[in-house]
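Thank you for making the time this morning.

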Amino acid sequence: MKKIILSLLLLGIFSCTVSAKQDVVLNKIQNKIDSCFVLSFKNPKAYDDLEKDLTAGYKTAKSENMKSYYLYWLSYMTYYKAVSAFKEADLEKSQKFVEQAMGYLEKMKKKDSEYYSLLAYEQVFYFQFIKLQDMFIFMEKLNKNLKLSMDMGATNPRAYFVNGYYDYYTPKEYGGKKKTEKLLLKAIKMKNSDAPFSPTWGIVDSYSILIQYYIENGNKAKAKAMYQQAIKRFPTSRDILRLKNKL
């Protein structure tokens with residue numbers, strides 16, 4: 001009997017240790033991935049250790065909820081690997097990574113606004129790799145996911161950001177730049193979820209695009225005001241700081 005009790009206690013301790021390790025990997029995970037992205041231009045292997053930890057965490061996660069977190073962040077990280085490769089002009093590798101990123105999301109069973117927001121964000125990037133004959137089918141999927149992100153996330157800043165981001169980069173002749181300001185202004189007024197391991201991207205990105213949008217439309221006063229608001233809220237953001245010289 002004592003052996004059984006001891007075994008159960010050890011099992012409980014082991015389970016807590018695994019859970020604690022998962023917490024460590026996912027703690028501030030977005031910041032870790034963003035840091036890897038910056039380092040990747042000097043070190044091509046910057047993502048390797050974090051990728052191993054996330055993959056191991058996914059394989060050992062017991063609940064579908066935890067598995068979804070790991071898949072989400074593996075997808076987010078792999079998307080940024082695609083962006084890194086693109087900036088290094090390695091288009092083949094960039095396409096491979098963004099396809100892999102979308103593949104991680106497809107494995108998720110929890111398909112909520114966060115899921116559709118990230119998927120649409122990755123699809124906007126993937127648009128450049130789509131063959132002409134597949135363009136209309138792909139656009140239908142993208143537009144469907146953009147709509148679902150909004151329908152399922154009325155208070156999700158990333159849903160508004162992704163829709164505004166897509167509108168901003170859609171040429172005017174194809175109906176773009178009509179909803180950019182409205183959507184992104186809504187995004188920056190929203191709060192992120194307090195749930196552990198949840199994403200926070202999208203708000204600082206919304207500020208960045210809004211500032212550029214105002215500059216491009218000749219409204220320097222609005223651009224400066226938005227910059228001041230952004231820098232007060234995100235004083236260390238590289239995306240915001242790099243726009244200072246354009247004002």
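Let me begin with a question: is Lys 81 buried or exposed? Please keep in mind, as we go through this, that what you see is a predicted model. Lys 81 has a relative accessible area of 11% and is therefore buried, the cut-off for that class being under 20%.

The partner of Lys 81 is Glu 51, with which Lys 81 forms a salt bridge whose closest N and O atoms are 3.1 Å apart. Since Glu 51 belongs to helix α3, residues 48-60, and Lys 81 to helix α4, residues 64-87, this pair ties together parts that lie 30 residues apart in sequence. Glu 51 also counts as buried, at 15% relative accessibility.

In one of them, the side chains of Glu 64 and Lys 109 meet with an N to O distance of 3.9 Å. This pair links distant parts of the chain, with Glu 64 in helix α4 and Lys 109 in the loop between α5 (91-106) and α6 (113-126), 45 residues apart. Glu 64 is partly exposed, with a relative accessible area of 41%, while Lys 109 is exposed, with a value of 66%. If we leave out residues up to four places away in sequence, Lys 109 touches Glu 64 and Ser 68. Between Lys 109 and Tyr 69 there are 11 Å from C-alpha to C-alpha, with a separation of 40 residues in sequence.

The other one joins Arg 158 to Glu 114, where the closest N and O atoms are 2.8 Å apart. Because Arg 158 sits in helix α8 and Glu 114 in helix α6, the pair ties together parts that are 44 residues apart in sequence. Both Arg 158 and Glu 114 are buried.

Setting aside neighbours within four places in sequence, Glu 122 is in contact with Ser 75, Tyr 76, Tyr 79, Val 98, Ala 101, Met 102 and Leu 105.

Let me move on to helix packing. Helix α7, residues 135-151, packs against helix α8, residues 157-169, at an angle of about 145°, and their axes are 8 Å apart. The crossing of α7 past α8 is left-handed. On the α7 side, the contact is made by Met 139, Leu 142, Asn 143, Leu 146, Ser 149 and Met 150, and on the α8 side by Ala 159, Tyr 160, Val 162, Asn 163 and Tyr 166. Sorted by class, the residues of this contact are eight nonpolar and three polar, with no charged residues.

Finally, the backbone. Ala 89, in the loop between α4 and α5, has a positive phi of about 65° although it is not a glycine, and at 62% relative accessibility Ala 89 counts as exposed. Phe 197, in the loop between α9 (180-189) and α10 (203-216), likewise is not a glycine and has a positive phi, here of about 70°. Phe 197, however, is buried, with a relative accessible area of 17%.

Definitions and conventions:
Residues numbered from 1 in each chain as written. Predicted model: local features only at pLDDT ≥ 70, side-chain atom pairs only at ≥ 80, totals over all residues. Heavy atoms only, no water. Axes fitted to C-alpha atoms, helices over the stretch in contact; angles between N-to-C directions. Helix = DSSP H or I, 4+ residues; strand = E, 2+ residues; numbered from the N terminus. Left-handed = near helix turned anticlockwise from the far one by under 90°. Contact = heavy atoms within 4.5 Å. Nonpolar A, V, L, I, M, F, W, Y, C, P; charged D, E, K, R; others polar. Salt bridge = Lys/Arg side-chain N within 4 Å of Asp/Glu carboxyl O. Buried < 20%, exposed > 50% of the residue type's maximum accessible area, 1.4 Å probe, protein only.
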